[in-house]
Amino acid sequence: MDHIRNFSIIAHIDHGKSTLADRFLQLCEALTDREMSAQVLDSMDLERERGITIKAQSVSIKYKADDGQEYQFNIIDTPGHVDFNYEVSRSLYACEGALLVVDAAQGVEAQTVANCLTAIEQNLEVLPVINKIDLPAADPERVKQEIEEIVGIDASEALCVSAKTGQGVHEILEQIVKYIPAPKGDPAGPLKALIIDSWFDNYLGVVSLVKIVDGELFAGRKMRVMSTAHDYMVSEVGLFTPKRLKVDVLRTGQVGYVVAGIKEIDGAPVGDTLTQSDRPATERVPGFKQIKPRVFAGLFPVDASDYEDLREALAKLRLNDSALHYEPETSQALGFGFRCGFLGMLHMEIVQERLEREYGLNLITTAPTVIYEVLTSKGETLQVDNPSRLPPLDQIEIIYEPIIHADILVPQEHLGNVITLCMEKRGVQKSMQYLGNQVAISFELPMSEVVVDFFDRLKSATRGYASFDYNFVRNQASNLVKLDVLINGDRVDALSIIVHKDKAQIHGRALAEKMKEVIPRQMYDVAIQATIGSHVIARETVKALRKNVTAKCYGGDITRKRKLLEKQKEGKRRMKQFGTVEIPQAAFMAILDVG
Ligand code: GDP
Ligand code: MG
C-alpha cells in the first residue's frame, strides 16, 4: 500500500494531458513503441475524433523510482470539457493526488480552475506542471504567477516540462512518489470497493472499475453489491496496464476492474459499494454527488419499430453515464420516444452520436430546452422540461427560468466582444478582475441562452482564447412565452419552444423563414405559421412543386440517376411524416440557428 500512488491529470483541453500520460507509459515501458502509436487514454472513437476525453479511464503502471523501489501508479484520466465536470469529480474520488497540467503559452484557463478546485475540495495533493516549455511562446514565469493568483496554490516548485520531447517528465514521476500520499485504508477490514465506472461488455457482462477502500477483492469469491444486496461470484479481477491484466486479488488502495457475470444493466451502478458476501461491510463508501441534468430534448426513432432498441441502448449508456436521464415521451408529431436529460449540449450531441454509431439507431432530436418552473393560477408549481407541456397562457401565473453564474477568462483584447455577447444573451455582469494580460469576468445569464450556442459563439468571438465555466445559481421569474409552429394549420408539438417575450417576434419570424428553407417542396403549398397563443406572428409558404425535378435525369447517365435517388433516400432517413408533410431533422434544430 505504501508503494501505490493514485492520481489524476487535470488539464484544460489541448494542454497536453494525453501526451503526458503516454509519455509516462513509455518511460515505464508499459507499452512497446508500436503500441504507443495511438494515444491510449482516449479510447472511444468519438473522443479521438473530437479530440476530447469523455470517459474516465485508468491505467496502472510500474515505476522504478530513483530510491530503487518499485511503485504502482494508477493514473485515472479525467475529461476536460465543462459539460463533464461530474466525471472529473467522480474520478478524483479514486485519487490521493492530481497533476495540474498548464500549457506554458496559453496559461491558466477557466476549466482548469474549476477542476482544480474540485481536487482541492476533496483534499488531494495538487502538483502543478507547466507543459510545452519547448514552444517559443512559452512563458513559465507568467504561468506560475497565474497559477498562484487564479488557482491559489503554491507554484514555486512547479516543474517545467515538455510532454512532447520528454524533458522534465522523469522529474514529475519522482515528485509523484515524493509528494502524493499513499492511499489509506484498512487492509484487514471487510471489503469496501467504490465503483468509479461501469460499462457493459457483450462478452463479460458488466465490467466495473473500482477503488479498493478497505479489505481485499479476490477472484473466485463471492461479492455483494451493497445497494441491491445481490451476491455475485467474482470471475475476474485485474488491472489495465493499459492492456487487461488478470490478477488474483485487488488489495487496499488499488484501482482495478472486476467482472462478476452481472448481466442486468443496472447491476453495479456507478457510485455504489461492493463488499464481500461472507463478511459484509456495514456502511457504504460515501458516494459522489448525484448529478442533475440541465438540458432536455426528445429523442425519437425515425422508424417506430426501433423504439425497444432505443430503450435498451439508453439503458446501456446510462450504466456508465449517471448524468444521462430518460423517460418515455409521446409526441403527436413524432410518435413514441424518450425525453432525455443531459448536462449540456456537448453531452447531448455525444449521446446522440453514440446511439447512432454504436447502436445503429436512426434518430430525430428535438430542440434542447432547460427546466422551467411554472406557478399556475391554481397555485400549483410545475417543473416543465418540455415546451409542449406548458399550460395554456391564461393558467400561468409566473414562469421561472434557471439562471447560471458564468466565469469567463479572456485576454484583454477580446473583452469587448465577450461583454457584447453576454449582453445579447440577457446577461448581467457581476464582477471583473484584471490578472496580468487576462481578465476574469463573471456574468449571470439565463441558462436557456447558454445551452443553445453560447460556447461556440464565445469561441468565435474570442478566436478560441476565452475559457468558460458555469454553475446553476437559482430560478428567477422571467417574461417568457411559448412559440408554436403550425404546419397547414396544425400545431407540431415537437417544434414548440419557450422564449423571452422581447425576443419572441424576431425568433418567430426567423424560425418560420428557416422552416421554409428546410421543409422540402411538396405537390401543394405548405403553410407555415409561428404563433404565440392565438396570435400569428409570422407566416411563410413553401410553394408547390411545378415540375418533376428528377425528369432531367431520365434517359441520362444511369449512375447519376442512382446517385440522385440514393441522395434522396439519405435525406429521407431523417424525415418524419406529419400529416401529408415530411419534416426533416433540420426543422427540429432550427431554433439553434435562430437563437
Ligand atoms: P489534451 O487535450 O490535454 O489531452 O492534449 P493532448 O495531449 O491531446 O495535446 C494537445 C496538442 O498539444 C497535441 O497536438 C500535442 O501534440 C501537443 N503537445 C502536447 N504536449 C506538448 C509539448 O510539450 N510541446 C508541444 N510543442 N506540443 C505539445
Ligand atoms: Mg486528451
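The shell around ligand 1 comprises 3 nonpolar, 7 polar and 5 charged residues, where Ala, Val, Leu, Ile, Met, Phe, Trp, Tyr, Cys and Pro count as nonpolar, Asp, Glu, Lys and Arg as charged, and the others, Gly among them, as polar. The model is predicted: local features need pLDDT of at least 70 and side-chain atom pairs pLDDT 80 or more, while totals for chains, interfaces and linings use all residues. Residues are numbered from 1 along each chain as its sequence is written, chains are lettered from A and ligands numbered from 1 in the order written, and side-chain values use heavy atoms, without hydrogens and water.

Of the 15 residues around ligand 1, those that come nearest are Asp-14, Lys-17, Ser-18, Thr-19 and Asp-134; a residue is near if one of its heavy atoms lies within 4 Å. Helix 1 (residues 17–27) supplies the largest share of this shell, 3 residues; helices are DSSP runs of H or I with at least four residues, strands runs of E with at least two, numbered from the N terminus.

Thr-19 is found in helix 1 and is partly exposed at 28% relative accessibility. Asp-14 lies in the loop between strand 1 (4–11) and helix 1. Asp-14 is exposed, because its relative accessible area is 60% and exposed means over 50%, buried under 20% and partly exposed in between (1.4 Å probe, protein chains only).

Oxygen atoms of ligand 1 also lie 3.1 Å from a polar side-chain atom of Asn-131 and 3.2 Å from an N or O atom in the side chain of Ser-162.

Key: A polar contact is a pair of N or O atoms within 3.5 Å; within protein, one must be able to donate a hydrogen and the other to accept it, and residues adjacent in sequence count only if both atoms are side-chain atoms.
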